[in-house]
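Here's a quick briefing to go with the model. Have the sequence and the 3D view open while you read.

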Amino acid sequence: MEYSAPTPTTSKSSTATPNRHAFESRVEETKSHKSDINALILDYLTMEGYPNAAAKFSREANIQPHQDGPSIRARQDIQTFIYKGSIQAAIEALNELDPEILDEDKALHFSLLRLQLVELIRSCNDVGDITPALKFATEQLGPRAPTNPKFLEDLERTMALLLFPADGLEPQLAALLDPELRRAAADSVNKAILEKQSARRDAAIRHLIKLRAWAENTAREKFITLPERLDIGLRGDEQPQDHPASIADNVHEPMVTG
């Protein structure tokens, strides 16, 4: 008696597309105009200080630049000085760009001088001579500190860096030596320049992202049905090379980093 092997059955995997949430369908139906997206991208590159990228993108998208290149580059240079710890160079460049900014914003001026003192203390501790830091604090920060209780508190805390070794600082003091202090100062300076030049401190897309987050949180608090996770839609993994965001990404311009 011959044995016949059973004929194998072809297993069909389910190819059915999962049901889409009604909200996702509505999003797909709502398409932003390409000109609006281009304007947002150019605004971001301009406001964040990327002159080469802004110039290239404005040509590729055939739209007028929002600011001239030298103005954007000046802001970028000032931020770069701060990120590198060259605070005196940043102050001089800022005064050259617009001397009224530090004259009118005493808190910003004091924060930059305090950061300059931090950098001096850092270098003084390395060489074992604190005289330059003491001289700078006495001449530049001492006369300003009594005008504002916060200035005095910040100065006292900064001077405490001279009393303890850098590797044994409590968190509040260690934060003064963290690169985040440079980043915060650079961001404050950039916003102050923008506010003086255009009465706006942030790129428009930042406001849109905040508004979108607020809308989602409000909807969930009111138990409005939404997908479990909403993609903000800023990932560009699969963008074609002629997509506006890809054009911006492909402009190889050094970012201002710490």
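What follows is a short tour by topic.

This is a predicted model, where local features need pLDDT of at least 70 and side-chain atom pairs count only at pLDDT 80 or more, while totals for chains, interfaces and linings use all residues. Residues are numbered from 1 along each chain as its sequence is written, and side-chain values use heavy atoms, with hydrogens and water left out.

**Overall build**
- The protein chain has 13 helices and 0 strands; these are DSSP runs numbered from the N terminus (helices: H or I, at least four residues; strands: E, at least two).
- Of its 258 residues, 34% count as buried, meaning under 20% relative accessible area, with exposed being over 50% and partly exposed in between (1.4 Å probe, protein chains only).
- Take contacts (heavy atoms within 4.5 Å) between residues at least 6 apart in sequence: 60% of them join residues at least 24 apart.

**Nonpolar cores**
- A nonpolar core here is a set of buried Ala, Val, Leu, Ile, Met, Phe, Trp, Tyr and Cys residues joined through side-chain atoms within 4.5 Å.
- The largest one holds 37 residues, and Ile-82, Leu-94, Leu-112, Leu-117 and Val-189 touch the most other members.
- Not counting residues up to four places away in sequence, Val-189 touches Ile-78, Ile-82, Leu-94, Leu-108 and Leu-112.
- Another core lies apart from this one; it has 9 residues, including Ala-53, Ala-54, Phe-57 and Ala-61.

**A buried histidine**
- His-109 is found in helix 7 and is buried, with a relative accessible area of 16%.
- Beyond its neighbours within four places in sequence, His-109 is in contact with Leu-102 and Arg-144.

**Surface**
- The chain's accessible surface comes to about 17000 Å², and 53% of that belongs to carbon and sulfur atoms (Shrake-Rupley method, 1.4 Å probe; for residues, only the protein chains shown count as cover).

**Confidence**
- The average pLDDT (the predictor's confidence in each residue, from 0 to 100) is 77, and 70% of the residues score at least 70.
- Over residues 8-16, pLDDT stays under 50, and the model has 0 contacts beyond four places in sequence for them.
- Over residues 235-258, pLDDT also stays under 50, but here the model has 37 such contacts.
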